[in-house]
Amino acid sequence: VEGKKMRRCTRSAITITKLVRKGRNGNYYRGSVKRYYADVTVGELKEKKYDVILDVREADELKGGVVEGSEHVPLGALMRDLGGKRGQWKDKSILVYCKAGGRSALACELLKQNGLKADNLVGGWLKYSKGA
C-alpha cells in the first residue's frame, strides 16, 4: 500500500499493511493482517522438496502448462472442500501456486488457518515458466 514497503515474509508471522473495508459507508481504512506462510522464489523451489505441490488456477488456465507433479484444485473448490483434503495433507509440506501469486497467497492463508504447512510460490506460474 502507498508509502509502505512490503517485506518478504519468513516463517515467523509479520504484520503487513492492507486496506480493510469498515462499516456500512463503504470507506476503506488501513488495517493490518498477519501472514503465517513463507514466500518461496523459483530458485529456492529447486533447493527444497515439497510433499504436495498445489495448483489453485482454474481449469482453463492449465493450457499454458503446469509444475511437474502438481495437484490441481481450483481455489473455489479448495475453499469448499478443505475438510476432506485436510486429513490427506496433514503433516505434509505444501507448495501453492497460481498464475501470478495472489490466489495462492489466499490459499496459503486458508491452509495455515486449518493447521497445514503451506508456502506460496512468488510470481506463480508466470515466473516459474520463465525460470526466473
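Is Trp125 buried or exposed in this structure? Trp125 counts as buried, because its relative accessibility is 13% and the cut-off for buried is under 20%. Good morning. Please keep in mind throughout that the model before us is predicted.

The structure holds one aromatic pair. That pair is formed by the rings of Trp125 and Tyr128, whose centres are 5.6 Å apart. The planes of the two rings stand at 35°, so the pair is described as tilted. Both residues belong to helix H4, which covers residues 124-130. Trp125 and Tyr128 are three residues apart there, about one turn of the helix. Tyr128 has a relative accessible area of 27% and is partly exposed, whereas Trp125 is buried.

I now turn to charged side chains. Side chains of opposite charge can pair when their charged atoms come close.

Lys48 lies in the loop between helix H1 (42-47) and strand S4 (52-55), and Asp119 lies in strand S7 (residues 117-121), so the pair ties together parts that are 71 residues apart in sequence. Lys48 is partly exposed, at a relative accessible area of 33%. Asp119, by contrast, is buried, at 3% relative accessibility.

The next salt bridge joins Glu61 and Arg103, with 2.8 Å between the closest N and O atoms. Glu61 sits in the loop between S4 and strand S5 (71-72), while Arg103 sits in helix H3 (residues 102-113); the pair therefore ties together parts that are 42 residues apart in sequence. Glu61 is partly exposed, with a relative accessible area of 22%. Arg103 also counts as partly exposed, at 25% relative accessibility.

Finally, I come to Lys85 and Glu71, whose side chains meet in a salt bridge at 3.3 Å, N to O. Lys85 lies in helix H2 (residues 75-89) and Glu71 in strand S5, so this pair ties together parts that are 14 residues apart in sequence. Lys85 is partly exposed, its relative accessible area being 21%. Glu71 is partly exposed as well, at 27%.

Thank you for your attention.

Methods: Residues numbered from 1 in each chain as written. Predicted model: local features only at pLDDT ≥ 70, side-chain atom pairs only at ≥ 80, totals over all residues. Heavy atoms only, no water. Helix = DSSP H or I, 4+ residues; strand = E, 2+ residues; numbered from the N terminus. Buried < 20%, exposed > 50% of the residue type's maximum accessible area, 1.4 Å probe, protein only. Salt bridge = Lys/Arg side-chain N within 4 Å of Asp/Glu carboxyl O. Phe/Tyr/Trp six-rings, centres within 6.5 Å; stacked < 30°, edge-to-face > 60°.
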